[in-house]
Each structure stands twice: as C-alpha cells, then as structure tokens.
Amino acid sequence: PVSILIGELDFFEQYAQANGDGRSLEVLQSVASNLNETFRRAGDLVARVGDTRFAVILPEADAQTGQRFAERLRKCVYDMCLPFPASEAADRLTMSGGLTTLPPTRLHERREAVTRAVSALQHAQSSGYNRVASAADAA
C-alpha cells in the first residue's frame with residue numbers, strides 16, 4: 001500500500017500579511033526542513049505542492065500507519081511553536097492534513113488518490129483546522 005498525505009498551513013495568508021514576505025518565506029523553508037527531518041523512512045517523499053501545501057508520499061504504509069503519520073505531519077508544525085495570535089485554530093501556526101491510502105492493486109489510480117487526499121484535507125479544515133482526516137472520514 002501507499003499512503004498520500006496533503007497538509008496545508010492553516011490561515012497562512014493572514015500569517016504572511018501580519019509577518020511579511022521575508023518571514024513567511026523563512027517559515028515555509030523551516031516547515032519544509034522539519035517535514036524532511038520527520039519523514040525519513042526509505043522511499044518517503046516530501047514535496048511542496050502549492051503556496052501553502054505540502055505532500056508526503058509514504059510507500060508501504062497502510063491506512064493505520066498513514067493515520068499515525070498524518071498526525072505526525074500535523075504535530076510537526078504545531079510543535080514548531082511559531083506564534084500566530086490571529087489564527088482561528090490555535091495560538092500558533094498550525095497545519096491540517098488529509099490522508100488517503102491505496103492498496104497495491106489500485107496504485108494506478110494516483111490522480112484519484114490525490115483528489116481524495118485533498119477532499120480529506122478540506123474535511124479536516126471544515127471540522128475546525130489543526131487536525132487530520134482520512135478519505136474515509138470525508139466520504
């Protein structure tokens with residue numbers, strides 16, 4: 001199986017407005033670095049896939065393992081303790097995450113998997129931010 005995580009920094013546009021472009025870029029680089037340090041198993045891949053989104057591909061990670069790693073994704077940013085008093089989610093910068101897992105027999109459905117992970121991310125955000133959801137939760 002392969003698990004795909006999509007994480008998005010919560011309210012980052014407001015963070016950037018409050019802290020400026022220079023600080024925002026530093027934060028994005030720090031988040032990317034922390035994610036690279038967190039997801040270090042052989043084959044794990046971390047990539048920035050949008051202005052405020054990151055993807056993590058986890059080979060050989062079933063749904064249960066993927067859920068554990070999705071929570072690790074969220075906690076990675078939370079534990080950075082980057083102050084953000086204007087956030088609607090917490091007193092610091094946070095990340096919401098979406099997860100989907102493909103069994104080996106469906107690995108050819110990569111696009112659909114990304115769509116499901118993004119839907120799960122949107123479900124996490126609509127449920128209050130600073131949380132993770134799986135594609136099964138979003139269904």
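Glu60 is exposed, with a relative accessible area of 70%; exposed means over 50%, buried under 20% and partly exposed in between (1.4 Å probe, protein chains only). The model is predicted, so that local features need pLDDT of at least 70, side-chain atom pairs count only at pLDDT 80 or more, and totals for chains, interfaces and linings use all residues. Residues are numbered from 1 along each chain as its sequence is written, and side-chain values use heavy atoms, without hydrogens and water.

Most residues other than glycine have a negative phi.

| Residue | Phi | Place |

Tyr129 is partly exposed, at 26% relative accessibility.

Helices (H or I, at least four residues) and strands (E, at least two) are DSSP runs, numbered from the N terminus. Five strands form an open sheet in the order E2-E3-E1-E4-E5, with mixed pairing; two strands pair if DSSP finds at least two bridges between them. Because strand E2 (45-48) and strand E5 (132-134) each have a single partner strand, they stand at the edges, and one side of each has no neighbour in the sheet.

Strand E1 (residues 2-9) runs antiparallel to strand E4 (residues 95-102), joined by 8 bridges. Within E4, Gly97 stands opposite Gly7.

Helix H1 (residues 12-38) lies across E1, E2, strand E3 (53-59) and E4, at about 15° to E3. Axes are lines fitted to C-alpha atoms, for helices over the stretch in contact (heavy atoms within 4.5 Å), and angles run from 0 to 180 degrees between N-to-C directions.
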